[in-house]
Amino acid sequence: MNRFLLLAAVVFFISSCQKETQETSTRADETSQNYTQYVDQYIGTGFHGHVFMGANVPFGAVQLGPTNLTEGWDWCSGYHYSDTTVIGFAHTHLSGTGIGDLGDILLMPTSGDVNLNRGSIKDSTQAEGYVGFYNHEDETVRPGYYSVWIDKYDVKAELTATTRAGMQHYKYEKEGPYNVIIDLERGIGWDRPEKTYIEQIDDKTIKGYRYSKGWAVDQKIYFYMQFSAPVSKIVTDKDGNLEEIKSLEGERLKAAIVFDELPEGEVTIKTGVSAVSVENAQENLEAEIPAWDFDQVATAAGEAWNKELSKVKVKLPTEEQMKIFYTSLYHTMVAPSIFSDVNGEYRGADAKTYKDTTFTNYTTYSLWDTYRAAHPLFTLTQKDKVEDFVKSFLKIYEQQGKLPIWHLVGNETDCMVGYPGIPVVADAYFKGFDVDGELALEAMKASSMRDDYGMKFIKERGYIPADSVKESVAKALEYCLADRSIAQLAKSLGKDEDYEYYNKRAHAYERYFDKETGFMRAVMADGSFRTPFSPFKSTHMWGDYTEGNGWQYTWLVPHDVEGLIELFGSEVAFEEKLDSLFIVEGDMGEEASPDISGLIGQYAHGNEPSHHVTYLYNYVGKPWKTADKVRYIMDSLYTTKPDGICGNEDVGQMSAWYVMSALGFYQVSPSNGQLVLGSPLVQEATLDMDGTTLHIEVKNNSAENKYIQNISLNGKAYLNSSIAYSDLAQGGELVIEMGNTPSKEWGVAPENRPKSIPAQFQ
């Protein structure tokens, strides 16, 4: 080899090494990137967002956070940005719901004389009892960690959590005595204690339980609590006098853990919880927080969040959009929450204790909301948990005789309408998850053949008479879309008779459509439409629609959009009516639900029945209209402010809509495996789907270039304005090219439009 070739070889070798090092470094940077930096937990704590504020881990049983003194609808999570009062830090909270509950095992650090009166605010600066005050500037919030300075007691409280345990660290700046109030009376919302108990085991350990009745009519939570310093005494208020105790049982128990001395004014508290027993709470604590290193636990919680957030790596044009995206993704993983202990035991829907180590049991299922986007999102981003969710559903069926509707800590709340667990189970089955099809069909049939909530009339008449059942239109339409899921499952299992029966029921929506007015209307027992009728009017809880009106519910036929188009008479009529939805204005009346928010005309993005509607334009070959609406909603109705969610977060659904839409698609029909394409906000995304990787590249994307021009998956052109989940689940390279004018070819032709019943279901 001559010197020239040798020199060239050396240069090439060095260059190759440098390139490999750079590529390795880039991959390492992507792997090690801290996505928690983009999570802003204040988003959704204002207006009607009702999101949880505090420390937890993804899908954890513990949500350890502050509880404000103020009560009301906007305090369903126990915390609202407008408030600066604190009565303590509870170990359980809900996130984004429209009803308040939980708030169990509440602790509050105080100093000086013990005052067990919770108190009420006299004015803006003074309060009785142990309620404290704080400023948002004195809060530090990040995934897995929360801290706040409480002015009244000069104490800094720090919180972190594991799956089934919470850890708190208090640093007092005042002289002792130092107190930790344990309040087993206080709950959130409807929650009220039924029976409470506390017992001192030794000078550093207490145990107890709290039984309560609220939205969850029979909740039981047990706790095992350890202190880093010896307790001087425990006192309770009896007949207005403090009395020292070793154990106490009562309906509304409050006590003070008193420390005469604390090294450097600091104490750390570890609390394990269980819905089964004190012994399980102890085992949970010892398994998850065996040591006293608060920082280590907080770091691990942050790492757990980063691991889950990094399953969806995206690039967006602005930091604000990155914050909205990753905060939304964070919100989708507060719940469902784990409801089984480390030994596999859990409290069933029949209040019995079960032990099963073959799966993880979950609770907190806001299914009327989450079947629409959150659960479809989980099939992409949480594939390892989907089967456990479905197994939890089927166990609930075996224990209570029907699939869950709104399940909370082992209790069926029966909140909202329909039987929304059905499409979630069917969706998982058709997407290839390990679901027992025969048991699933059995559970679906049992859930849909009851006599309550209007189902008796569905079986007898084929519709629900409005003069017999409230919210009849909403209930019927929800039943229809779920019945389509039952029909398709029955067909796949060769159950032809069941298929025919449920397919007919799935078309019952036609009975409610008034061709003269072009709206879904309530039908009376005599077969006539209810009069007088206004498509704007909404009556909360007692009207014909659930948290909505005729304008909003006319589109709730996601399982048969083509059939709905036929009812309108033509695609043109359908499109014109859909256009009108986004511009028409009218008075919904004094009794309208506050959930009807985020209005664009009469489209209500703040409530779930509207969430699929923007994607309906694809079904008439006008995908650019979907793009216009979807981009507008993402740009204007989601912000980084505390009021940055335009309605109840609803346990991840509002945020899941954003995550899915920002990635470029949305599942309109609940269980047909088709994702309808919109207008991706991301420039690039990488989805880790339990070992399979899908990379999305969006070329030429910008605020102006919001219209899809063409799509390819692994080099294969996609002219359709929908894409099969089965294709995405295989991973690979999805390339989307954007432009500033609508394409007249992509997604326009009838054969390229979404199909409510794809070929595999024909």
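Modeller: Two strands count as paired if DSSP finds at least two bridges between them; strands (E, at least two residues) and helices (H or I, at least four) are DSSP runs, numbered from the N terminus. The model is predicted, so local features need pLDDT of at least 70 and side-chain atom pairs pLDDT 80 or more, while totals for chains, interfaces and linings use all residues. Residues are numbered from 1 along each chain as its sequence is written, and side-chain values use heavy atoms, without hydrogens and water.

Biologist: How do you know that E24 and strand E25 are joined?

Modeller: Two bridges join E24 to E25 (residues 406-408), so the pair meets the requirement of at least two. The strands run antiparallel, and Ser-366 has Trp-406 in E25 as its bridge partner.

Biologist: What makes strand E24 and strand E26 edge strands?

Modeller: Strand E24 (365-366) and strand E26 (411-412) each pair on one side only. The open sheet has three strands in the order E24-E25-E26, with antiparallel pairing.

Biologist: Why are H6 and H7 called oblique to each other?

Modeller: The axes of helix H6 (residues 374-381) and helix H7 (residues 383-400) cross at roughly 135 degrees and come within 6 Å. Angles under 35 degrees are roughly parallel, over 145 roughly antiparallel, 65 to 115 roughly perpendicular, and the rest oblique. H6 and H7 are therefore oblique.

Biologist: Which residues of H6 and H7 meet?

Modeller: With contact meaning heavy atoms within 4.5 Å, His-375, Phe-378, Thr-379, Leu-380 and Thr-381 in H6 meet Lys-383, Val-386, Phe-389 and Phe-393 in H7. The residues of this contact divide into five nonpolar, three polar and one charged.

Biologist: Why does Phe-47 count as partly exposed?

Modeller: Buried means under 20% relative accessible area, exposed means over 50%, and partly exposed lies in between (1.4 Å probe, protein chains only). Phe-47 has 36% relative accessibility, so it counts as partly exposed. Phe-47 sits in the loop between helix H1 (3-32) and strand E1 (65-67), and its phi is near 50 degrees, a positive value in a residue other than glycine.

Biologist: Is Leu-102 buried or exposed?

Modeller: Leu-102 has a relative accessible area of 4%, so it is buried. Its phi, near 65 degrees, is also positive in a residue other than glycine, and Leu-102 lies in the loop between strand E3 (88-90) and strand E4 (106-111).

Biologist: What kind of peptide bond joins Ala-335 and Pro-336?

Modeller: A cis bond, with omega about 5 degrees. Pro-336 lies in the loop between helix H4 (319-331) and strand E20 (337-338).

Methods:
Axes fitted to C-alpha atoms, helices over the stretch in contact; angles between N-to-C directions. Nonpolar A, V, L, I, M, F, W, Y, C, P; charged D, E, K, R; others polar.
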